[in-house]
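Please read this report alongside the sequence and the model.

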Amino acid sequence: FQGIFVLGLPYALLHSGYSGLFLIILAAALCCYTGKILIACLYEENEDGQLIRVRDTYEDIANACCKKQSSKLGGMVVNVTQVMELIMTCILYLVVSGNLLSHSFPYVPMTEKTWSVIAFVTLLPCVFIKTLQIVSKLSQLCSLVHFIIILVVMTYCLTQIHQWSWAKFRLSIEFEDFLVSVGVIIFSYTSQIFLPKLEGNMKNPGEFRCMLNWTHFFACVLKTTFALTAFLTWGEETKEVITDNLPSFLQTLVNLCLLTKALLSYPLPFFAATEIVYACISRGNHSNYRSPLFALGVRGSFLLLTLLMAMFIPHFALLMGLTGSVTGAAMTFLLPSLFHLKLKWKKLSFLEKCADISVFILGFLCSLAGIVCSIKGLLEVFG
């Protein structure tokens with residue numbers, strides 16, 4: 001939950017004012033809710049009224065919902081959507097790594113793309129990752145680095161407390177700028193892609209809902225505190241990535257920490273994407289598709305694909321925004337609420353049905369607005 005997106009939250013507050021603080025809290029509640037209903041779709045009651053886990057993945061849920069139309073159609077749609085978002089996330093980490101390296105060592109005569117290749121070399125061991133346990137250890141290190149970054153920024157902000165003023169908050173908002181803020185805030189909480197796998201790997205899956213409540217609560221508190229202190233410090237001068245506001249002597253340190261975080265963040269979406277593709281390919285009975293060498297080839301191909309796309313796709317940020325508006329909103333809001341309504345309709349109360357329908361409509365509007373803004377940006381660039 002505490003990804004690189006967090007560093008854009010103060011900028012989101014600049015464009016959304018007081019409504020941005022409300023959005024940070026609302027987004028946490030909505031994403032926590034859709035996470036719970038998604039996991040609920042993995043279970044069915046047996047004859048004794050006990051909940052039994054009858055599905056393992058997001059794909060299984062989709063297939064169960066679309067079995068009347070096609071036994072595999074829903075799963076194919078979900079898998080393609082998941083892989084697109086995960087690959088785009090991996091590419092973003094490579095692009096960010098190249099950017100951070102070039103800013104950290106401006107005196108070295110190398111382009112950002114060259115720096116991205118250097119970052120790519122450090123990620124080559126990812127092809128040997130076989131289990132989620134290794135990924136979780138890397139994610140722990142990533143979290144540690146993230147808290148160091150947050151601590152540095154907030155410590156500096158607290159030294160400037162004498163400059164804080166609530167008058168810096170805007171009461172009026174501009175619609176397009178507000179939509180950008182909505183996208184940044186909502187997608188800083190998204191984790192639905194990983195939840196079925198995560199819940200399935202827990203030692204005690206019964207604690208999942210409690211875990212989800214506490215993680216979203218603490219993520220919300222930290223995001224609100226961080227965004228508020230940073231915005232009150234810089235006000236109208238708040239930049240898109242808040243670390244760019246820091247004095248030069250702190251910028252290099254924080255940039256190197258961000259680079260470490262980006263590289264440590266890469267294995268999770270990479271592992272998830274390759275597992276989905278490998279599972280789809282090896283589902284048949286052909287033994288060659290289930291060999292360790294073939295799995296290594298799949299992971300190696302994906303690693304190379306992310307580098308090539310990072311190198312050669314122009315205007316990647318806008319394309320990322322367009323993809324994120326489609327896949328992010330679909331995986332976080334649209335599909336969980338739709339699947340929950342489809343599979344649990346007879347057992348849901350009137351309020352639960354209203355909640356699911358409301359989340360679906362909200363997700364659709366967010367997706368539509370994000371698509372319009374991204375396409376408008378692409379047309380301006382190519383126009």
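Thr 81 counts as buried because its relative accessibility is 14%, where buried means under 20% relative accessible area, exposed means over 50%, and partly exposed lies in between (1.4 Å probe, protein chains only). Thr 81 belongs to helix α4, residues 73–104; helices here are DSSP runs of H or I with at least four residues, strands are runs of E with at least two, and both are numbered from the N terminus. Between Thr 81 and Val 54 there are 27 residues in sequence and 23 Å in space, taken from C-alpha to C-alpha.

Helix α1 (residues 9–16) is largely enclosed by the rest of the structure, because seven of its eight residues are buried. The buried residues of α1 are Leu 9, Pro 10, Ala 12, Leu 13, Leu 14, His 15 and Ser 16. Just after α1 comes Gly 17, with a positive phi of about 60 degrees.

## Basis of the values

The model is predicted, so that local features need pLDDT of at least 70 and side-chain atom pairs count only at pLDDT 80 or more, whereas totals for chains, interfaces and linings use all residues. Residues are numbered from 1 along each chain as its sequence is written, and side-chain values use heavy atoms, with hydrogens and water left out.

## Salt bridges

Side chains of opposite charge can pair when their charged atoms come close. With a salt bridge taken as a side-chain nitrogen of Lys or Arg within 4 Å of a carboxyl oxygen of Asp or Glu, the count comes to four. One of them joins Lys 344 to Glu 44, with the closest N and O atoms 3.8 Å apart. This pair links distant parts of the chain, since Lys 344 sits in helix α13 and Glu 44 in strand β1, 300 residues apart. Lys 344 is buried, at a relative accessible area of 10%.

Arg 53 forms a salt bridge with Asp 56 (3.0 Å, N to O) and another with Glu 199 (2.8 Å, N to O). Arg 53 lies in strand β2 (residues 51–53) and Glu 199 in helix α8 (residues 195–201), so the latter pair ties together parts that are 146 residues apart in sequence. Glu 199 is buried, at 2% relative accessible area, while Arg 53 is partly exposed at 25% and Asp 56 is partly exposed at 47%.

## The second largest pocket

The second largest pocket has a volume of about 470 Å³, a volume being the space filled by probe spheres set on grid points that are joined across faces, edges and corners. On a 1 Å grid over the protein atoms alone, a pocket is an open set of points where a 1.4 Å probe fits, with protein on both sides within 12 Å along at least five of seven lines, and lining residues have an atom within 4 Å of a point.

Of the 19 residues that line this pocket, the closest to its centre are Lys 36, Ala 40, Leu 51, Arg 209 and His 340. At least two lining residues come from each of α2 (18–40), β1 (43–45), α9 (208–234) and α13 (316–344), and α2 gives the most, with five residues. The lining divides into nine nonpolar residues (Ala, Val, Leu, Ile, Met, Phe, Trp, Tyr, Cys and Pro count as such), two polar and eight charged (Asp, Glu, Lys and Arg), the others, Gly among them, counting as polar.

Ile 357 is located in helix α14 (residues 350–382). Ile 357 counts as partly exposed because its relative accessibility is 38%.
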